[in-house]
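Subject: Structure handover

Hello,

Here is the structure I promised to pass on. Please open it alongside this email. My notes follow below.

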Amino acid sequence: MSPLQSKASATPDSATPTKNSPKTTPTFAAIGSPYFGILLACMAVIVILSNIGASKGVQFGPIITDGGFFLFPFAYILGDVISEIYGFKVNRKAILTTFALSIFASLSYWVMIALPGFTDDFGLAKQQALQDALGPVPQIVLASLLAFLAGQSVNSAIMVRLKAHHGERKLWVRLMGSSGAGEFLDTLIFCAIAAPVIGIVGFGMFVNYVLVGFVYKVGVQYALIPVTAVVIRWFKRNEPSYVEAAPAT
């Protein structure tokens with residue numbers, strides 16, 4: 001079997017579009033190479049750190065956000081890369097794996113807080129600091145679970161559907177269209193659940209939190225689209241099992 005045949009056979013979910021097909025059937029890479037594992041690990045670390053940071057309310061003048069604001073957009077960028085290279089089903093596995101690890105991390109925090117500590121003043125202060133820092137995280141994880149599951153699922157579905165229409169062309173359209181819809185749904189769900197834990201009260205503060213979060217996340221993703229596109233092209237060249245979809249007809 002030639003290398004080209006071997007590469008094509010590594011994508012069992014792909015199909016070859018016919019000449020008269022109204023749109024192309026996108027092809028994706030298998031997950032047997034080390035690249036997917038690296039992407040998954042990075043996504044899990046970013047989401048877990050974001051969950052910890054999100055327990056702290058942050059204010060820049062009139063702007064209200066949380067301590068994880070600078071990290072979370074990168075989880076969606078990784079989701080875009082996984083969706084484009086490996087497809088919707090693989091990205092869904094990455095989402096579920098990431099949040100299984102987030103739940104494990106949250107349970108670990110609970111055990112750490114519950115363990116008996118030193119009873120001197122220093123030990124009690126350390127215990128209180130740990131509880132203040134990690135205590136709200138379970139509710140943040142719940143908010144992140146529901147929000148990221150919904151937002152990433154919509155983000156990935158739009159990426160794959162647009163790829164079916166455009167083939168390998170118009171990557172920027174896929175990145176912009178999927179990011180806007182996914183991030184809005186994610187931000188709205190997350191803020192609705194997490195706001196009381198962070199200390200955001202009142203309708204005005206909540207609207208501020210939602211709008212700032214959405215505009216920032218989408219702005220970061222849009223600003224980094226050239227970088228994301230370069231990363232995706234690199235994966236397409238170097239992922240051994242990736243086969244480019246034929247152009248749409």
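Start with one term. A helix axis here is a line fitted to C-alpha atoms over the stretch in contact, and angles between axes run from 0 to 180 degrees between N-to-C directions. You will need that for the helix pairs. Also keep in mind that this is a predicted model.

Helices H6 and H7

Helix H6 covers residues 137-166. It packs against H7 at an angle of about 170°, and the two axes lie 8 Å apart. Angles over 145 degrees count as roughly antiparallel. H6 and H7 are therefore roughly antiparallel to each other. By class, their contact has 20 nonpolar residues, nine polar ones and three charged ones.

Look next at the loop between H6 and H7, where Lys170 sits. Lys170 is not a glycine, yet its phi is positive, about 55°. Is Lys170 buried, exposed or partly exposed? Its relative accessible area is 41%, so Lys170 is partly exposed.

The overall layout

Now step back to the whole chain. The protein chain has nine helices and two strands. Along the sequence they follow the pattern α-α-β-β-α-α-α-α-α-α-α. The chain has 249 residues, and 43% of them are buried. Consider the contacts between residues at least 6 apart in sequence. Of these, 79% join residues at least 24 apart.

The hairpin

The two strands come as a pair. Strand E1 takes in residues 57-60, and strand E2 takes in residues 63-66. They run antiparallel, and four bridges join them. Gly57 stands opposite Asp66 in E2. Together E1 and E2 form a hairpin, with two residues between the strands. Gly61 is in the turn and has a positive phi of about 60°.

Follow the chain on from E2. Phe69 lies in the loop between E2 and H3. Phe69 is partly exposed, with a relative accessible area of 24%. Which residues does Phe69 touch, leaving out those up to four places away in sequence? They are Phe60 and Tyr216. Phe69 and Val58 are 11 residues apart in sequence. Their C-alpha atoms are 9.0 Å apart in space.

Helices H3 and H7

Helix H3 spans residues 72-86, and helix H7 spans residues 171-198. Their axes come within 11 Å and cross at roughly 130°.

Which residues meet here? From H3 come Phe72, Pro73, Tyr76, Asp80 and Glu84. From H7 come Leu171, Arg174, Leu175, Ser178, Ser179, Gly182, Glu183 and Asp186. By class, this contact of H3 with H7 has five nonpolar, three polar and five charged residues.

Thr187 in H7

Thr187 also lies in helix H7. Is Thr187 buried or exposed? Thr187 is buried, with a relative accessible area of 1%. Leave out residues up to four places away in sequence, and Thr187 touches Val210, Gly213, Phe214 and Lys217.

Turn to helix H4, residues 88-114, for Ser102. Under 20% relative accessible area means buried. Ser102 has 2%, so Ser102 is buried. Setting aside its neighbours within four places in sequence, Ser102 is in contact with Val47, Ile48, Asn51 and Val141.

Ser106 is in helix H4 too. Its relative accessible area is 9%, so Ser106 is buried. What does Ser106 touch, not counting residues up to four places away in sequence? Val137, Pro138 and Val141. Ser106 and Leu142 are 36 residues apart along the chain. Their C-alpha atoms are separated by 9.8 Å.

Where to look

Finish with the hairpin of E1 and E2.

Best wishes

Conventions: Residues are numbered from 1 along each chain as its sequence is written. This is a predicted model: local features need pLDDT of at least 70, side-chain atom pairs count only at pLDDT 80 or more; totals for chains, interfaces and linings use all residues. Side-chain values use heavy atoms; hydrogens and water are left out. Two strands pair if DSSP finds at least two bridges between them. Contact means heavy atoms within 4.5 Å. Ala, Val, Leu, Ile, Met, Phe, Trp, Tyr, Cys and Pro count as nonpolar, Asp, Glu, Lys and Arg as charged, and the others, Gly among them, as polar. Buried means under 20% relative accessible area, exposed over 50%, partly exposed in between (1.4 Å probe, protein chains only). Angles under 35 degrees count as roughly parallel, over 145 as roughly antiparallel, 65 to 115 as roughly perpendicular and the rest as oblique.
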